[in-house]
Structure formats: C-alpha cells, structure tokens
Amino acid sequence: MRLTTTRTAALLGAPVLALTLLAPAAQAAPGPGHDGGPVAAGAAVLERIGAPTTTTADGPVWSPVATGFASTPTDDLPHGTTGGAGGDAVTVRDAAALAEAAASDEPLTIYVKGTIEPAEFGSMIDVASDKTIVGFASGAELVGVGLRLDHVENVIVRNLRFRDSYVPGDWDGKSADNDNDGIRVDTSSHVWIDHNELTRLGDGLIDVRKDSTAVTLSWNYLHDHNKTVGVGWTDNVVTEITMHHNRFSNTYQRNASIDNVAAGHLYNNWFDGQAQYGTMSRGASQLVVESSVYSNGEDAIVAKDPASKVDSRDNRFTTIRGRKDDTGPTFDPAARYPYTPDDVADVTRVVTRGAGTLGAQEKVRRTVTVALDGTGDYASIGAAVGAASRSPHPVDVVVEPGVYREVVRVWPGADGTTIRGATGDPEDVVLTYDLAAGQAKFYGGTFGHTGSPVLSVLADDVTLRDLTVENAYDEAANGGSQALALRTSGDRTVLDGVRLLGNQDTYLADPGSGAAAARTYVTDSYIEGDVDFVYGGGTLVVEDSEIRSLDRGSATNNGYVAAPATVPGGKGFLFTGTRFTSDAAAGTVFLGRPWHPSSNPLVDPSVVVRDSWLGAHVGTPAWSDMSGWSWRDDFMREYRNAGPGAAPAGAVVDGRPQLTADEAAAHTREAYLSGDDGWTPWR
C-alpha cells in the first residue's frame with residue numbers, strides 16, 4: 001500500500017491537509033507520465049473504449065479526469081485521483097487475470113474485455129493502489145464477483161457492469177454467507193467510480209466504509225436492489241464524498257445511507273422508485289443535496305438525528321410520500337471543487353441518456369422468468385418487475401414455484417405487466433413479507449398504508465395470476481395493526497386466481513390519482529382477513545371468489561369484511577357470485593362499514609353484496625357504523641344472496657337493506673368497470 005503517514009493520519013481523523021484546489025478539469029496542468037499527464041491519459045482511455053464526447057452544463061459526460069471530491073489534490077496526488085495514469089496498460093479476459101493485474105504494485109490501466117466470472121460465486125477481487133479498471137468498449141461485466149479496495153488510494157473504476165451475485169431468497173441480504181458487494185471501499189482515499197451499472201447483487205451495490213474519503217460516484221446506473229449505497233461503518237466524521245448524475249431505479253433503501261460524513265455533496269441525481277427511503281443523513285453527517293429529482297417513492301430526504309444535517313437546494317419531488325427534510329446550510333461545495341449543476345428540469349433526460357456503461361444497458365424480453373434455483377432470468381420478483389417498469393413494451397413475468405420473501409413495487413411505467421405463477425396453482429408461488437402499517441421505521445414514523453404492503457401495483461393494466469401474496473405480520477406476537485398484503489392504485493388491474501392472506505387491512509383498493517377512481521377486477525380468487533380486510537376508495541368488483549373472515553375468538557364481534565371510502569367519480573365495491581366463509585361464531589361478522597378517512601365528508605362509501613353465498617357468521621344488521629359515521633347514511637346493500645347468513649328471500653329485515661330492481665340493474669360488473677373505454681376484463 002502506498003499511503004503516506006500524513007495521509008493515514010487524515011484518514012484516521014487528524015486534521016485534513018490544507019488543499020490547493022484544482023482548476024476546472026479542462027485546465028488541469030499536465031503531470032508526470034508517458035502520456036503527458038492525467039488529462040491526456042484520461043482522454044486516451046476514453047478514446048480507446050469509444051466513449052462519446054457529449055457535454056452538459058457540468059462538463060463532459062465522460063470526463064477525462066476525476067470530478068467531485070475525488071479530484072481534490074494532496075501532496076501525494078497533486079492532480080487528485082488519476083488511477084493508473086503513467087503506468088502500463090493490460091487487457092484481461094478472466095477473473096484470474098483481473099485479480100493478478102489488480103493486485104500489482106505498479107500503476108496500471110486494466111482493460112476488462114467480455115464477461116468476468118469467478119471460480120467462487122460471490123467472491124471479491126482485491127484492488128491495489130494506482131489502478132484504473134475500465135471496461136473495454138461495451139459489454140464488459142463482472143458477474144457474481146465484486147471489487148474490494150482495502151487501505152489503498154488512487155483508484156478509478158469505469159464502464160463496468162456488475163450483476164447477479166444475488167443469493168436467491170435472501171432479499172434482505174442477511175444470510176451469513178452473503179457479503180457480496182459490487183464495489184467495497186474500506187479505509188481508502190481518492191476513489192472515482194464512474195459510468196458503471198450495478199444490479200441484482202447480494203449485499204450492497206456500493207459500500208464506502210471505515211473512514212474512506214475523497215470519493216466520487218458519478219454517472220452510475222444502480223437498479224433493482226434492496227441496499228443500494230451505504231456510507232459509514234465508522235465513528236469518525238471524516239469522509240468526503242460526491243455523488244452526481246447517478247440514476248437509481250427500483251432501489252428499496254440506502255440511496256444513499258450516509259453516516260458520519262464530514263462533507264457529502266449530491267447533485268443532479270435521479271432517484272426513481274424507492275419503497276422505503278431515498279437519501280439519509282445520519283451520524284452527524286453534513287450533506288448538500290441539490291438539483292436532484294426524487295420520483296415515486298417514500299421519505300425522499302431524511303435527517304435521522306439532530307446532529308445530522310441536510311441542505312436541500314432546488315430539488316424536485318414527484319409522487320413522493322413522506323419526508324423531504326431540509327435543515328439549512330451545511331458547507332459550500334463550490335469552495336471545495338469546481339462544478340456547475342445541470343438544471344433540475346433537465347436531470348431526468350440527461351441522466352437517462354448518460355448514466356451507466358457504453359452501449360445498451362437493458363434488454364428485457366416480453367416474457368421473463370423468475371426462479372429461486374438460478375434457472376430463471378431473475379432470482380427475485382422485484383428485479384423482474386423493476387426491469388418491466390423501464391421496458392418499452394409490456395412484460396409477462398412468469399414465477400417458478402417457491403417462497404419469495406421480498407417487498408415488491410410495480411412502479412408507474414410498468415403498464416401492461418403480468419405477474420403469474422408458472423404452474424397455475426396459486427399455492428405454489430408465495431410472495432411474503434411482514435411489515436405492519438403501524439410499525440415504526442428505524443428513523444422515525446411508521447410504514448403506513450403505502451410502506452407496509454408486500455406488493456403494490458402502481459402501474460396501469462397490470463394482471464396478477466395464480467400466485468399468493470401474504471403479509472405474515474404476527475399479530476399474536478406484536479399486537480394488532482394494519483398489515484397489507486396488496487395495494488393497487490393503477491387503473492384496470494386484474495387479479496385472477498390470486499390468494500391474498502393477512503389479518504387487518506389485507507387488501508387496499510386505492511382510487512389512484514386519475515380523474516376517475518382506479519378500477520380492479522378480482523375473479524376466481526381468495527381473500528382472507530378479519531378487520532376491514534378489503535378497503536379503500538377505488539372501484540372494485542370481486543366475482544366468483546371466496547372471502548374468508550378469520551375467527552378472532554369473540555362471541556360478539558369477529559370483524560368486518562369491507563371498509564369502502566368511495567371517492568367522487570368512483571363506484572365503490574361490488575361482490576357478486578362470491579362465497580363469504582368463516583369458522584367464526586354465528587352472527588359475529590359484519591359485511592362492512594363506511595370509512596371516511598380523516599372524517600372526509602366528500603367520500604361516499606358504497607358496497608354491494610349480490611348473488612352471493614353468505615355463511616352463518618354474517619349477522620344482522622350486516623353493516624356497522626365507523627368512527628361516528630352511520631352506515632345507514634351511506635350505500636350498503638345486498639341483493640339475492642343465499643346461505644345461512646343471508647336475509648330470508650323476499651323478507652324485509654331491518655339492518656339488511658336490499659337493492660331495488662332498478663338499482664340492481666345499475667350495480668353490475670359492466671356498470672362498475674366498463675367506463676368510457678369499454679374495459680371488459682372478464683372476456
């Protein structure tokens with residue numbers, strides 16, 4: 001390791017060296033080396049791999065020299081991070097050759113050609129100081145293997161695809177044999193990670209740890225993963241890191257998780273689809289987040305504790321629920337290095353075109369498979385539907401048998417996606433997780449109705465077929481709480497042969513954000529729960545299915561089936577040709593009650609149960625009041641039901657209002673679902 005005593009002291013928390021700032025990249029002075037200096041060396045690398053010469057307001061998309069904190073000079077590195085400049089160049093085509101070249105003592109530029117796969121899946125290749133590791137042209141990739149930088153300095157990693165070290169079934173990344181990071185940086189300095197693609201790895205995509213500093217992550221494309229970028233694993237607040245023009249897509253958390261960072265600068269990044277949180281400042285970190293786009297996610301920017309600060313400048317938030325913290329000024333990045341952020345209105349376009357490796361980044365077929373044994377195109381459902389959300393065409397996701405423990409979001413843009421079990425038996429494919437709406441997040445607040453669902457369908461024209469979705473939250477151990485298996489808010493959703501398992505609030509039919517309420521058609525399916533386990537403001541038809549009320553052991557009240565909160569323009573809930581079953585005591589279950597969220601007087605709850613079979617558990621009255629709102633003031637009706645829990649045919653029974661003949665003609669699946677577009681999913 002070539003790390004001077006002075007530099008080591010800085011890494012361990014001693015006062016950082018006084019720095020003389022570099023001039024802008026285009027004006028950087030040439031340094032030693034056979035190629036005339038870092039600018040010429042970087043330009044030669046870019047020319048050899050065929051990088052384009054496009055620019056933005058911030059400079060070249062493919063910069064010949066390091067940017068951000070990786071560009072800051074020291075006595076050892078007067079030009080900042082230069083990697084293998086001044087040394088020889090080699091080309092490697094297999095893991096052994098890459099490992100040998102990466103470990104060499106001398107400065108070296110290593111061109112990676114083709115696909116590198118290790119002898120041992122999930123292993124990591126150690127990288128020594130003064131290295132540039134760059135993919136040759138397009139198609140260079142590391143599959144099932146990562147790079148480890150441990151107590152080194154002056155390393156560049158560019159134009160490489162890191163993929164598929166994911167351990168099937170270990171979505172949480174907690175398996176004892178799973179420490180498969182894409183790039184891990186420990187106690188190292190001057191590292192530039194630029195124009196890479198990282199996806200479907202075992203643990204973290206990129207981890208910057210243990211007092212590493214002078215690090216820049218730029219123009220990378222990170223997608224379809226749980227724990228994306230982690231920074232920290234230290235008690236010392238010394239790290240300086242820049243993240244700019246990176247694209248994050250379908251990444252659940254750590255985007256990034258930034259812990260104990262003295263100066264973190266994030267600009268012009270696009271975060272799209274973060275189901276738990278986006279960017280977090282924690283452990284006394286000092287961040288500037290500017291001109292970035294956060295779309296389709298939860299808790300975009302979080303300052304976790306009082307000592308952690310975020311200066312949020314000119315960011316754009318689209319379809320974001322939850323926190324967008326801004327604690328005020330922290331530090332001035334412009335005093336540390338030159339940069340010019342692109343206009344936030346241009347970020348999505350610029351990053352979509354420029355982030356990632358050379359050549360085509362994703363090609364998603366119209367039919368893809370998911371399997372836990374490694375034989376599928378993907379090993380997780382979330383990765384498959386994440387790819388579908390970015391595909392230009394609808395995708396049929398075929399899931400092989402198994403239990404898939406993961407949280408899945410079908411993001412906007414995945415219109416027309418089908419997720420179906422391969423065997424046709426919904427019990428063969430189980431998607432499960434165990435978050436509750438009332439459960440506390442580790443950084444404050446609760447998961448709520450958007451964070452707790454195991455599966456959320458946020459795109460239009462999505463079909464779920466022949467699978468089970470289960471929220472396995474344990475009420476007996478943890479107390480009663482909403483715990484959603486499924487939330488749908490996209491229009492024209494179909495559930496065919498689907499099992500939804502849970503207790504309270506198993507299925508949420510949200511109205512969506514369109515002018516008319518989102519429509520869902522459920523057929524030949526099974527839904528179970530106890531309290532309000534079919535609820536929401538959307539338009540819903542359940543046909544030829546089973547609605548199973550779980551027995552809570554009460555002699556008087558074993559729960560409520562439906563809790564509609566019908567929005568203006570919505571039709572409410574219609575159950576037709578469906579069996580209502582339970583082992584609960586006779587007369588102890590209500591068909592439903594009216595939900596007025598936050599006592600909203602504009603909702604007009606409506607639910608109709610017709611032409612169905614009702615078990616003896618259904619009582620009289622069949623409906624109940626809710627939070628001071630009388631069911632008699634809303635539209636709660638039955639029609640031509642049979643079974644021991646039904647009102648006697650032709651009888652007028654208080655608490656069991658029936659549709660009139662005219663009303664019955666208006667409460668059909670066609671009237672609820674066809675709309676102006678003539679949607680007929682039952683054909």
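Two strands are said to pair if DSSP finds at least two bridges between them, and helices (H or I, at least four residues) and strands (E, at least two) are DSSP runs, numbered from the N terminus. In those terms, strand S33 (residues 429–433) and strand S35 run parallel and are joined by four bridges. This is a predicted model, in which local features need pLDDT of at least 70 and side-chain atom pairs count only at pLDDT 80 or more, while totals for chains, interfaces and linings use all residues. Residues are numbered from 1 along each chain as its sequence is written, and side-chain values use heavy atoms, with hydrogens and water left out.

**The chain as a whole**

- The secondary structure of the chain comes to nine helices and 50 strands.
- With a radius of gyration of 28 Å (taken over C-alpha atoms), the chain is close to the 26 Å that the globule rule, 2.2 Å times the number of residues to the power 0.38, gives for 683 residues, so it is as compact as a globular protein of that length.
- Along its principal axes, the C-alpha trace of the chain spans about 95 × 50 × 45 Å.
- Of the 683 residues, 61% count as buried, where buried means under 20% relative accessible area, exposed over 50%, and partly exposed in between (1.4 Å probe, protein chains only).
- Among contacts (heavy atoms within 4.5 Å) with a separation of 6 or more, 67% come from residues 24 or more positions apart.

**Strand S35 and its partners**

- Seven of the nine residues of strand S35 (residues 463–471) are buried, so this strand is largely enclosed by the rest of the structure.
- Strand S32 (residues 418–421) pairs with S35 in the parallel sense over three bridges, and Ile419 has Leu464 as its bridge partner in S35.
- Strand S37 (residues 493–501) runs parallel to S35 and is joined to it by seven bridges, with Leu464 standing opposite Leu495 in S37.

**The seven-stranded sheet**

- An open sheet of seven strands has the order S31-S34-S36-S38-S41-S44-S47, with parallel pairing.
- Strand S31 (408–410) and strand S47 (590–592) stand at the edges with a single partner strand each, so one side of each is left without a neighbour in the sheet.
- S31 pairs with strand S34 (residues 455–457) in the parallel sense over three bridges, and the bridge partner of Arg409 in S34 is Ser456.

**Nonpolar cores**

- A nonpolar core is a set of buried Ala, Val, Leu, Ile, Met, Phe, Trp, Tyr and Cys residues joined through side-chain atoms within 4.5 Å, and the largest one here has 70 residues, with Ile381, Val397, Val410, Ile419, Leu455, Leu464 and Phe575 having the most contacts inside it.
- Helix H5 (residues 381–389) gives the most to this core, with six residues.
- A second, separate core of 52 residues includes Leu98, Val157, Ile193 and Leu287.
- Leaving aside neighbours within four places in sequence, Leu455 is in contact with several residues, including Val410, Leu431, Leu464 and Ala485.

**Around Thr488**

- Thr488 lies in strand S36 (residues 486–488) and is buried, with a relative accessible area of 1%.
- The side chain of Thr488 makes a polar contact with the side chain of Thr520 (3.4 Å), a polar contact being a pair of N or O atoms within 3.5 Å; within protein, one must be able to donate a hydrogen and the other to accept it, and residues adjacent in sequence count only if both atoms are side-chain atoms.
- Not counting residues up to four places away in sequence, Thr488 touches residues including Val457, Thr493, Tyr507 and Asp510.
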